[in-house]
Amino acid sequence: MSTSPYPPAEVVIGLDVGTTGTKAVAFGLASGWRHTVVREYPLLAPRPGWQVQDPSTIVAAVMGALAEVVTAARGARVVGISVSTAMHGVIGLDEFLQPLTPLVTWADSRAVAEAAELRASDEAEALHSASGTPIHPMSPLAKLLWFTRHEPALAAKVRAWVGLKDYVLQALTGTSVTELSSASGTGLLDVTTRRWNPRAVELAGIREDQLPPILPTTAVLGLSKAVAARLGLAPALPVVVGAADGPLGNLGTGALDPGVVGLSVGTSGAARMVVPEPVTDPRGRLFCYALTDDAWVVGGAISNGGIAIRWAREILGSDGGDDAALLELAATVPAGSDGLVMLPYLLAERAPLWDPSLSGAILGVRHSHTRGHFVRAVVEGVALQLWTIVDGLDAISPVTSVRATGGVFRSRVWREVTAGVLGHPVTVTGGAEGSALGAAALGLLAVGRATSLRHGLDLLSPGLRASGDPVVVPEGDRTAYALARQRIPALIDSYAAVSGLFDTSREPATTVHP
């Protein structure tokens, strides 16, 4: 879609290649004009716990989305394409840089045993501290160890191990590289040296020369002649290597200032804060990924966001209604759900414990509890998981406010519960373009059309960082949630200690991207 049929004189294209689709957005410089094209593709599950994609299908979607958005911007000068991609994926390439494996996505949980072994080892703390990436089946470090152990013949044929960003850049420019942000999500980077960590590479069972060179996120490559001709663009058009989708999501919502948390909740969720240099959470609950050389994003992701309400609708029913009807029931229940508490580990959870074996729990059930109580407990459980992340961020840099985006916040219950639980001013922003907007703003900095990330964002979305009013939370709700915040850390920790009482022999549930 576009805001006007008439493009401005100049546009920059933000390309956001995600887990279930690619979004290409042309943004007019200092005009407010934009045009969005989306191409979707499937997430495949050939075996239980596996979540993979066909790299050629993704590239076809990228080219199709770009071609359509370029057509929509015809008459405007394209100053560059800047790329955002989902993190943590792995593809094995042969000597001709053709795929030997599918894209093993961040959601793939085949490396559960390898991750558990690494977490239990004496090197776990050092690995997390060096890389900023929690040890989890999503991590390429664990995935590569899995290939080394379970597919040794295939692994021996691999000339290069790359991520989704690297594969997309190769398709657009013909150059095999990665960038600092995506590299920081592999578990293989040393954030101090900004180079591959020799010990992590050794543990993965690969060689350093199988990994691509690491460029700054503001590095610029040239669009290949073949792709330029296919898209109707100039050869060598600037292609900014960009960053990963999570850090760019913070930029795209305007959560750049000290103490401002960027919160996104869709199917899953995440809370992140920008800091000037890499930081390590001593409790191992937060990640730290690069946005640029001097802007890093620290935070955590949860697997169970809005999907928890869809689960509740399937289990509890909604009398033929949709999620909104179910949430109206929750609105009739007081804060705290009259003592009903949910730990919403329906899908294999990530932060704060990074233990995919944990299953969910509903505690404090009484005969008087109604469907509305259970629904509100679900929303409160998700919000409390997000609070554990925000609380960790507050220990790193005092949190002053939260900028939230995501479809769930169309609901008053979601807005009020989230704001009440977090205990900080929460402003809900539009943020429809999210990481694509962040990529475009970073792109303007990279090609010299902006003097800073903030300047780039303001050129494309004037007033975004100042938009919206804080959510108003009733005083009684604030009091109830203050009590919940005191109790939930001990509950989560104690639940982790007794989780072995539950059946964890089956494959962990598949996680879904924010």
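Is Arg285 buried or exposed? At 15% relative accessibility, Arg285 counts as buried, because buried means under 20% relative accessible area. The views below show this residue and several others in a predicted model.

**View 1. Asp493 and Arg285 meet in a salt bridge.** The N-to-O distance between the two side chains is 2.6 Å. The pair links distant parts of the chain, 208 residues apart. Asp493 sits in helix 17. Arg285 sits in the loop between strand 16 (269–275) and strand 17 (287–292). Arg285 is buried, whereas Asp493 is partly exposed, with a relative accessible area of 33%.

**View 2. A salt bridge joins Arg376 to Asp477.** Their closest N and O atoms are 3.9 Å apart. Arg376 belongs to helix 13 and Asp477 to helix 17.

**View 3. Glu123 pairs with Arg199 in a salt bridge.** Here the closest N and O atoms are 2.6 Å apart. Glu123 lies in the loop between helix 2 (112–120) and helix 3 (124–131), and Arg199 lies in helix 8 (residues 198–204), so the pair ties together parts 76 residues apart in sequence. Glu123 is partly exposed, at 27% relative accessibility. Arg199 is also partly exposed, at 34%. Across the whole structure, a search finds 17 salt bridges. Some form a network, which links Glu10, Arg77 and Arg449.

**View 4. Helix 12 has buried residues along one face.** The helix spans residues 323–330, and Leu326, Leu327 and Ala330 are buried in it. Seen down the helix axis, these buried residues fall within an arc of 100°, so they line one face. They pack against helix 11 (307–316), helix 13 (371–396) and helix 14 (412–422). Look also at the start of helix 12. There, a side-chain oxygen of Asp322 comes to within 3.1 Å of the backbone nitrogen of Ala324.

**View 5. Gln385 is buried in the model.** This residue lies in helix 13. A polar contact of 3.2 Å joins its side chain to that of Tyr345. Beyond its neighbours within four places in sequence, Gln385 touches several residues, among them Ile302, Leu343, Ala351 and Ile492.

**View 6. Val498, Leu501 and Phe502 form a nonpolar surface patch.** Together they have about 310 Å² of accessible area. Val498 belongs to helix 17 (residues 475–498). At 38% relative accessibility, Val498 counts as partly exposed.

Key. Residues numbered from 1 in each chain as written. Predicted model: local features only at pLDDT ≥ 70, side-chain atom pairs only at ≥ 80, totals over all residues. Heavy atoms only, no water. Buried < 20%, exposed > 50% of the residue type's maximum accessible area, 1.4 Å probe, protein only. Helix = DSSP H or I, 4+ residues; strand = E, 2+ residues; numbered from the N terminus. Arc of directions from axis to C-beta. Contact = heavy atoms within 4.5 Å. Polar contact = N/O pair within 3.5 Å; in protein donor to acceptor, adjacent residues only side chain to side chain. Patch = residues over 30% accessible without salt bridge, like charges linked within 9 Å, V, L, I, M, F, W, Y side chains within 5 Å. Areas by Shrake-Rupley, 256 points an atom, 1.4 Å probe, with all protein chains shown as cover. Salt bridge = Lys/Arg side-chain N within 4 Å of Asp/Glu carboxyl O.
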